Amino acid sequence: MRATLTVNGRLIGVVIEPDDRLLDVLRDRLGLLGTKQACGRGECGACTVLVGGRPVMSCLVLAARVDHVETIEGLRDEARGLREAFADAGAFQCGFCTPGQIVRGVALLRDGLPADDQALRREISGNICRCTGYSGIVRALRLAEHDRPGSRR
Amino acid sequence: MTLGRPTRSIEWDARTSGASRYVADVVLPGTLVARVLRSPHPHARILSIDVQATGRMPGVAAVLTAADLPDRLYKHEGGRLSDRRPLARDVVRFVGEEVAVVAAETVAQAAAALGVIRVRYQPLPAVTTVAAALANGAARLHDRASGANVSLVIDRAYGDVEAGRRAAAVTATGRYRFGRQAHACMEPNGTLARWDPRTSRLELWTSTQSPYFVREEVARILGLDLGQVIVREVAVGGGFGSKSKITDHEVLAGALAVRTGRPVRLVLSREEEFATTKCRHDFDVELTTGMNGDGQLTHREARILVDNGAYNHSGASVTGAAVAAVASWYRTRGGVHVRATLVDTNKHPGGQFRGYGHPQIAFAIESQMDELADARGLDPIDFRILNAHRPGDVTQAGWRLHSAQLVECLEAVRDAIGWREKRARRGSGRGVGAAVAMHVSGARTYEDANRAEATIDVRADGEVRVRFGGADPGTGQKTVIAQVAAEELGVALSRITVVTMDSDETPFDLGSWSSRGTVMSAHAVGTAARSAARRLRELAADKLGVPVEHVSLRDGHAVAGDLRIAIEDLVTGLGGELSVTEAAVVDTELVNFATGVADISPAYAFAAHAVEVEVDRATGEVHVLDVVAAHDCGAAINPTAVESQIVGGVVMGLGAALGEQLLYEAGRLVNPAYLHYALPRAADVPPIRTMLLGHPDPHSPYGVKGVGEISMVPVAPAVANAVAHAVGVRIRELPITPDKVLGALRARDGRRRRYHVWRRPGRWWIGSMRWAYPRGVHALLNRWGTRPASAAPPTPIASLERPTAVAEAVDALGRDREAAPVGGGTDLLPLIEQGLGRPRTLVDLGGVAELARIRETDAGDLQVGVGVTLADLARWPRVDPVLRRVVTSIASPQIREMATVGGNLCQAKRCWFYRNGFPCYKRSGATAPCYAVLGDNRYYHAVLGAHRCQAVTPSDLATALVALDATIQIAGRAGERVLPVARLYSGPGETTLRAGEIVTRVVVPAAARHRVSAFEKIRLWEGDFAVVSACASLDIADGVVRDARVVLGAVAPTPYRARAVERHLLRRRLDPDTIAAAAEAWVGAAHPLAGNEWKVDAACGLLQRCLDACRVSHGA
């Protein structure tokens, strides 16, 4: 069936089957390779994208049910501060989980980070990282929080 | 300049914007997808393989079996140790071994083709544990010279052990077990291969730490010249050893590419990653350590059993490394004797894994150090300092310690953790523990391992390029390389381009393993860059007419006094490019397999870690409060990267210490999924404090020592030592999960529960079946009563209906027997993939607006539509705090944004046998066994009320809603009905919904909402399903309980209403004594399995915590 969805702000028409996963449509149909598959079962967060502004596991989302999606490619500019913070804080090593971490981080920053660090860690516990041990990611989010226009200082 | 300063990875922009290209991201037109057919048996003869039917399958381009490949073995460690083929020929030796491989146009077509390959196996007796493999008359996997199922024995004595024994005033002896873990890298193993028939060259884009070995093995096995196999550069998503040297897919992808003439991509699924790839070697260590009257170590004796798995891979080398480490740990005055046996078992092989035998032996040695210190009342850190190596020492294994700051590391962590003050609080439930490690910085286990080359290109267009043959799987080599080149050439870091891995473009290097990455790459690049710098200075001297000694390189220019010339302008005369290649060698000895004594590394790193834990004596949970990691890693070229490596290694160590384990049932992996594997998530670990102490090592280039592996090594014993300090029990088998802690406490305190099954006729049948299972019933049902799992892939979903009203939805479901409702899809889609559902039509409830409503009635009831997502429920302004608490403990933020209330309540059981394809009673029918009776049932199975199935209802919401007297509304063709939530369940994750019915709304009555409620949950990792959960909802007036609901989750097939507990609370004051007694009142109904009796104690402890929370809440 033919569907239209808004991907990173652009309205796109694409042919999809009822059981096409959003992850596969993004990667294989639209060439947006930044979103990664690490488990394919919604257990690790590497495939995180924003659907309707909410972070979801794109490997478990049926593309036919999606109207509006933002991927790591589309968030490149909005996430600039966060991305630089990732670089400064040693928040990535192999980089495979990083797109998912960044996308999830953007959603968190839009909502405002929890004040408590343990609460913040719970908010990113859906994104497994095997390389960094998470300290750098938490630090990066805090750095980015302070750099956001209009953020609490 | 950047050396020694925190520096951003030169790839930061690509890594953080999704622009890095990993194997799955490389796009070549016409690429085929490959899938592997794997053995379902742990040990079997292959009688025949019939691939004929694949010829008729759509989209299939090629099928290969062993007969299609040259009859060659992987070299791995060479010689007699080579024992494995890329595809099994005649015999399979582990569940998951590669038998055939298919290339097709699409994933679905490849999977379908696998389904029609007919393999006839003759199962052979299998030995899936070391004990079974060494038993008399055990089936043999290979023809080994060292004995039946013994691949290798290393029996070494260093120094004078007998003198050591005589000098010992105290000895400690113990047995320590360190099981298998998975690397679980985020990027699965994979290769994209392309064969060019015109040039006869095979290109490989492969996720590897060491292109050199991939190239060598692929060429050898496929009968190509080395020059015909070209590895290309890709981003590599993690290694930790799993991608160190050849793995199991590169040859297969290459062979298919040659056969089909088209690019072929073979990427492993996550399940294959867990179940079939190399893993940590399981070590069983019997250790004795002696100490003299002055506290000095006198001797060490170790008997080690290493579980090889079915093939050698790196088993011999890991064993050898471990032996050398046992001999090297601490100054040991007398001697060390180690006997290590590498034992074949019918499981997927062990392989290279961060630490390489050291984590396993460190767990034994460092645990025993504390036991020894304890025997004499010595402070564990003082004891270690006394015996620590000093600079200038040579270890028993011949390691020359040019620098050694272990003492400084120990002193640093002692201060940082607050050791003195905290050690005084022994037995309080909070404890501190410490441990040390030492590690090579690249071991010379191959002739050329001490050599690496690098090429520097300075181009007229301004580009300065470094070319290096190793790979960077996240360890940061590319940035180190750029930093070193920038430093030596006097250019800005931003001007440097780094090319790695590519066989055409880069010179010799063996790759990133053994913590050699920075040492070797910095050395090689530094050497080449200095050589290029010298050449540039010569060219400048010539051009500027000055002596070369007056020329320096700065800011991209050659400078002599007031004269300067851009370096790119110096090379125009050279055809536009200056290209310099140099080889660099570090001064080390080649490993000596005969004696085990050789100075194999240019420098040896040291580390000390201290950990503070809090142990909950009621539930066995261990919480890590603080970790300090002090490292002597020499100079740090990029402190950002070094600290990140340390923290990552510590967290991986915490995972091994507290949760990670690969569990097997008759050789088959039970838990091949992140969901069932307790590696740490962000909320499971505290911030890790790192201290880099090292001064530059005088013997190592740039003064650098390795850090990639050592950071993992001390963690597990530090945790075990802290637990012992906190509660006085010593756990000697990893991981330290709550069952072990409670079991140890119970054994020490002599507590035993009795369940009096003989007095409960309703449990006699179950009791006798459980008795009979290990006595033949399980074997019988398993052999004769199971149907093999269907090999056919899931049927595609034909249509997605999108009703906008409940009536429409019910209608759609009623019309089509093969229709299923879908909420968030977070359970349905995995179920389909797991072969547990084959709907042809999905009825999407997401568009039914009335199902997504939350409201409070005027009476104060809470009405929640089943389509409300968990996240929306938690965010609703007037949601009850207890419901928010339950919801935010579920899964992950992303899943909560998708999953619905209805979906959570109706989700299927999560038993790992059921989900991961074991042909159990619930999957395979009434003649099949329940694997949880004899299999690993410690965490997720019932302790009460189970019959043939031991699983539990996984929904945490169900537990709480039952306690809150919630009802659920159901709509169907026949109309609407209402049930108490408790009556929604007929069995574990099984509902009483009739065909065509859907749940529509949950209602929590106002009366319940006015009660004081609390929810508590024990889980192995943040977001995990409950191991035990408890929800108490009490009506308390003036401290007296007027009404009570107490529900336990994850202890019974359905949420368990603990009425005995409720009765005990009624009309009593809610004080600690009442709570303690009430929490035990339900125990008489329990009937635990062999492995989960501890959950009865844990549930009592959790109930206490929950009731106490109510008490505090009420008081507040």
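**The two chains and their contact**

Author: The contact between the chains takes 77 residues from chain B and 60 residues from chain A, where contact means heavy atoms within 4.5 Å. This is a predicted model, in which local features need pLDDT of at least 70 and side-chain atom pairs count only at pLDDT 80 or more, while totals for chains, interfaces and linings use all residues. Residues are numbered from 1 along each chain as its sequence is written, chains are lettered from A and ligands numbered from 1 in the order in which they are written, and side-chain values use heavy atoms, with hydrogens and water left out.

Reader: What is the area buried between chain B and chain A?

Author: The size of an interface is often given as the accessible area lost when the parts come together. Buried area is the accessible area (1.4 Å probe) that two parts lose on being put together, summed over both. Carbon and sulfur atoms give 56% of the area here, and the total is about 5700 Å².

Reader: Which residues in chain B lose the most area to chain A?

Author: Three residues of chain B together account for 13% of what that side buries. They are T16(B), M186(B) and Q894(B).

**Helices**

Reader: Which residues in helix 1 of chain A are buried?

Author: Helices (H or I, at least four residues) and strands (E, at least two) are DSSP runs, numbered from the N terminus. Buried means under 20% relative accessible area, exposed over 50% and partly exposed in between (1.4 Å probe, protein chains only). What covers the buried residues of helix 1 includes strand 1 (2-7), strand 2 (10-15), strand 3 (48-51) and strand 5 (68-70) of chain A. Within helix 1 (residues 22-29), the buried residues are L22(A), L23(A), V25(A), L26(A) and R27(A).

Reader: How are helix 2 and helix 3 of chain A oriented to each other?

Author: Axes are lines fitted to C-alpha atoms, for helices over the stretch in contact, and angles run from 0 to 180 degrees between N-to-C directions. The axes of helix 2 (residues 80-88) and helix 3 (residues 98-111) of chain A come within 10 Å and cross at roughly 125 degrees. Angles under 35 degrees count as roughly parallel, over 145 as roughly antiparallel, 65 to 115 as roughly perpendicular and the rest as oblique. Helix 2 and helix 3 of chain A are therefore oblique.

Reader: Which residues of helix 3 of chain A does helix 2 of chain A meet?

Author: From helix 2 of chain A, the residues in this contact are L82(A), R83(A) and F86(A). In helix 3 of chain A they meet T98(A), Q101(A), I102(A), G105(A), V106(A) and L109(A).

Reader: Is the crossing of helix 10 and helix 11 of chain B left-handed or right-handed?

Author: The axes of helix 10 (residues 380-387) and helix 11 (residues 406-417) of chain B come within 9 Å and cross at roughly 165 degrees. That makes helix 10 of chain B roughly antiparallel to helix 11 of chain B. A crossing is left-handed if the near helix is turned anticlockwise from the far one by less than a right angle, and right-handed if clockwise. The crossing of helix 10 and helix 11 of chain B is left-handed.

Reader: Which residues of helix 11 of chain B take part in this contact?

Author: Helix 10 of chain B brings I381(B), D382(B), R384(B) and I385(B). They meet, in helix 11 of chain B, V407(B), L410(B), E411(B) and R414(B).

**Single residues**

Reader: Is Y134(A) buried or exposed?

Author: Y134(A) is in the loop between helix 4 (117-123) and helix 5 (135-147) of chain A. Its phi is near 75 degrees, a positive value in a residue other than glycine. At 0% relative accessibility, Y134(A) counts as buried.

Reader: Which residues is H249(B) in contact with, leaving aside its neighbours within four places in sequence?

Author: H249(B) is in the loop between strand 11 (229-231) and helix 6 (250-260) of chain B. At 2% relative accessibility, H249(B) counts as buried. Its contacts, leaving aside those neighbours, are N189(B), G190(B), T191(B), T206(B) and L266(B).

Reader: What is the omega of the peptide bond from L734(B) to P735(B)?

Author: P735(B) is in the loop between helix 17 (715-727) and helix 18 (738-749) of chain B. The bond from L734(B) to P735(B) is cis, with omega near -10 degrees.
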